Amino acid sequence: MSQYFDELETRTADARAADLAKALPEQIARAKSLAGYSETFADVDPSSITSAADLVKLPVLRKSDLGKAQAANPPLGGFNAIPVSDFAHIFQSPGPIYEPGNTSHDWWCMGRAMHAAGFGADDIVQNCFAYHLTPAGMIFENAAKAVGAAVVPAGIGQTELQVQAAAAIGVTAYAGTPDYLKIILDKADEMGVTLNITKAAVGGGALFPSLRQEYADRGITCLQSYATADLGNIAYESASMEGMIVDESVIVEIVTPGTGLPVAEGEVGEVVVTTLNPDYPLIRFATGDLSAVLAGQSPCGRTNMRIKGWMGRADQTAKIKGMFVRPEQVAALVAKHDEIAKARVIATRSGEMDVMTVQIEAENGDADVYAKSVAETLKLKGQVEIVAPDSLPKDGIVIEDQRKYD
């Protein structure tokens with residue numbers, strides 16, 4: 001088996017930038033022609049968007065925006081570039097939000113992740129991702145096909161039957177959530193059955209180091225990927241297990257939650273993704289997840305940008321004094337004053353009362369002026385603390401809830 005899925009993984013930075021300079025304007029032009037983008041992209045010149053840095057000119061698309069658009073223009077909100085009937089599947093996520101899927105070669109771009117996990121033509125994969133309504137099962141089935149592996153479409157549940165099938169068929173690889181493999185292995189031990197699983201591609205949950213080590217002790221190499229139902233694969237681990245390599249089919253930005261503004265390299269922020277999928281172009285789609293760019297190149301030889309993996313949720317909305325405070329409001333507060341570099345809302349309790357403190361990074365700021373802006377923008381009065389520039393933590397948190405609920 002080749003070390004790499006394709007030649008795109010090892011492109012030079014210049015070659016990747018040149019390819020993107022061609023592909024990105026085409027994708028923006030494609031999106032601009034769609035009903036879902038007709039208003040927000042009305043004044044956008046696609047030829048001016050030729051790099052990841054240029055994407056900051058465009059608005060962020062949130063899951064809530066998709067939901068509203070789909071309600072007004074069912075089923076896909078006008079974001080599909082091909083007729084709905086040309087998709088192989090339509091899935092449903094909570095909301096409900098509807099996502100299309102296709103069965104053409106590696107449509108979800110998960111094949112690269114499976115290849116990096118060592119899956120190949122000699123493997124039989126027990127696919128324990130759900131097939132019912134949600135796309136995970138089909139995402140990984142499509143990926144297995146891309147690397148030439150056979151699939152047992154197992155889904156979740158009926159663990160004893162899962163063990164019997166894995167043993168009888170000769171399953172060599174597992175795809176599913178990180179913890180369900182342990183359930184299968186423990187059931188196999190209980191039944192006195194020996195399984196031949198030596199590799200696992202997992203997602204949809206946290207892979208804790210202790211669990212990965214337990215699998216390693218059983219002779220199973222377990223690597224994880226990061227994907228969503230809307231976008232498909234975003235990033236994946238290689239054998240080096242040093243961060244997650246961004247897939248060649250997407251462009252990832254890390255931005256301050258509630259804004260579309262990129263953070264400095266290494267700082268934690270919200271993952272915003274632009275997909276190059278021509279059938280379903282999502283531009284600057286906000287995942288709601290936190291991560292950070294990991295500097296340098298992967299030791300495995302793949303040259304694309306790396307992220308640190310999933311680091312929490314960017315949706316830090318908190319109810320304070322009976323009112324919701326959202327990251328977008330904090331971003332609007334910062335935007336009101338040129339001298340403010342950053343702001344952080346902290347919710348605490350004093351006695352039986354909520355207290356809101358707004359820490360503001362600024363030089364020579366006026367606390368009274370900021371207090372007025374806080375009341376106007378956040379719709380709540382709060383204490384204002386002016387702090388020195390660069391003194392607030394670079395952890396992606398703009399609303400910190402320190403209240404104890406136990």
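Q: What are the ground rules on numbering and confidence?
A: Residues are numbered from 1 along each chain as its sequence is written, and side-chain values use heavy atoms, with hydrogens and water left out. This is a predicted model, where local features need pLDDT of at least 70, side-chain atom pairs count only at pLDDT 80 or more, and totals for chains, interfaces and linings use all residues.

Q: Helix 5, then. Which residues are buried?
A: In helix 5 (residues 159-169), Thr159, Gln162, Val163 and Ala166 are buried. Buried means under 20% relative accessible area, exposed over 50%, partly exposed in between (1.4 Å probe, protein chains only). Helices (H or I, at least four residues) and strands (E, at least two) are DSSP runs, numbered from the N terminus.

Q: Where do they fall, seen down the axis?
A: Within an arc of 100°, so the buried residues line one face of helix 5. The arc is that of the directions from the helix axis to the C-beta atoms.

Q: What covers them?
A: The cover includes strand 3 (124-127) and helix 6 (180-191). Contact here is heavy atoms within 4.5 Å.

Q: And what follows helix 5?
A: Gly170, with a positive phi near 85°.

Q: Strands 5 and 6: parallel or antiparallel?
A: Parallel, over 4 bridges, between residues 173-176 and residues 199-202. Gly176 stands opposite Val202 in strand 6.

Q: Aromatics next. How many pairs?
A: The whole structure has 6 aromatic pairs. Rings of Phe, Tyr and Trp (its six-membered ring) pair if their centres lie within 6.5 Å; planes under 30 degrees apart count as stacked, over 60 as edge-to-face and the rest as tilted.

Q: What about Tyr37 and Phe79?
A: Their ring centres are 4.9 Å apart and the planes are at 90°, so the pair is edge-to-face. Tyr37 and Phe79 are both buried.

Q: And Phe129 with Phe140?
A: That pair is stacked, 4.3 Å centre to centre, with 20° between the planes. Phe129 is in the loop between strand 3 and helix 4 (136-146), and Phe140 is in helix 4.

Q: Why does Phe140 count as buried?
A: Because its relative accessibility is 5%.

Notes. Two strands pair if DSSP finds at least two bridges between them.
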